[in-house]
Amino acid sequence: SSTCIKSCASISNADSCHAEANCMWSIIDGICKTTCTRVSLDTTCKAESMCSWRGSTCEMLCKYQYEDKDSCNADLRCMYEDGNCAPTCSESPTEPTCNAHTSCYWDTNENLCRIKCSMRSSTQCGVDT
């Protein structure tokens, strides 16, 4: 049997949009859209300002997915920084994007973005992430 899925575009308010598993409310556009995880093409994903293409899947950007510190930090690709949920340092592929994060630094030896030691616990400080 097939299931009819409600069109996200037909939903006009945030609460009703959030109630639909296949939809997300765009705070940028003020409309209900298909959630990032339902997008299957990288070009379509990259065109959506709330989404990011990772490997072979489309995912919602950390800053739109989580509003609180605990939920944000529970996602391994996100970290809570300066009152917002942001991508972890390892998600920053270039020196300028890395240095834009107050919690990160660019490791010139490895050409990787890493979290500053001051941002980690004392037991993690010797471990690169």
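Biologist: Let's start inside: which residues make up the largest nonpolar core?
Modeller: A nonpolar core is a set of buried Ala, Val, Leu, Ile, Met, Phe, Trp, Tyr and Cys residues joined through side-chain atoms within 4.5 Å. Buried means under 20% relative accessible area, exposed over 50%, and partly exposed in between (1.4 Å probe, protein chains only). The largest core has 8 residues: Met24, Cys36, Val39, Cys45, Met50, Cys51, Cys58 and Met60.

Biologist: Which residues does cysteine 51 touch, leaving out those up to four places away in sequence?
Modeller: Cysteine 51 is itself one of the residues of that largest core. With contact taken as heavy atoms within 4.5 Å, cysteine 51 touches Met24, Cys36, Cys45, Cys58, Glu59, Met60 and Leu61.

Biologist: How many residues does the second core have?
Modeller: This core is separate, and Cys89, Cys98, Trp106 and Ile115 are among its members. Its residue count is 7.

Biologist: What pLDDT do side-chain atom pairs need in order to count?
Modeller: Residues are numbered from 1 along each chain as its sequence is written, and side-chain values use heavy atoms, with hydrogens and water left out. Since you ask, this is a predicted model: totals for chains, interfaces and linings use all residues, local features need pLDDT of at least 70, and side-chain atom pairs count only at pLDDT 80 or more.

Biologist: Where does aspartate 82, with its positive phi, lie?
Modeller: Most residues other than glycine have a negative phi. Aspartate 82, though, has a phi of about 55°, and aspartate 82 is exposed at a relative accessible area of 60%. Its place is the loop between strand 5 (78-81) and strand 6 (84-87).

Biologist: And where is asparagine 111?
Modeller: Asparagine 111 also has a positive phi, near 55°. Asparagine 111 counts as exposed, because its relative accessibility is 52%. You will find it in the loop between strand 7 (104-107) and strand 8 (112-115).

Biologist: Which side chain of opposite charge is nearest to buried glutamate 81?
Modeller: Glutamate 81, in strand 5, has no salt bridge; such a bridge needs a side-chain nitrogen of Lys or Arg within 4 Å of a carboxyl oxygen of Asp or Glu. A polar contact of 2.9 Å does join its side chain to that of histidine 101. For charge, Lys and Arg count as positive and Asp and Glu as negative, while His and the chain ends are not counted. At 7.6 Å, the nearest side chain of opposite charge is that of lysine 116.

Biologist: How far apart are the closest N and O atoms in the bridge of lysine 33 and aspartate 29?
Modeller: The model has 8 salt bridges. Here lysine 33 is buried, with a relative accessible area of 16%, whereas aspartate 29 is partly exposed at 41%. Their closest N and O atoms are separated by 2.5 Å.

Technical notes. Helix = DSSP H or I, 4+ residues; strand = E, 2+ residues; numbered from the N terminus. Polar contact = N/O pair within 3.5 Å; in protein donor to acceptor, adjacent residues only side chain to side chain.
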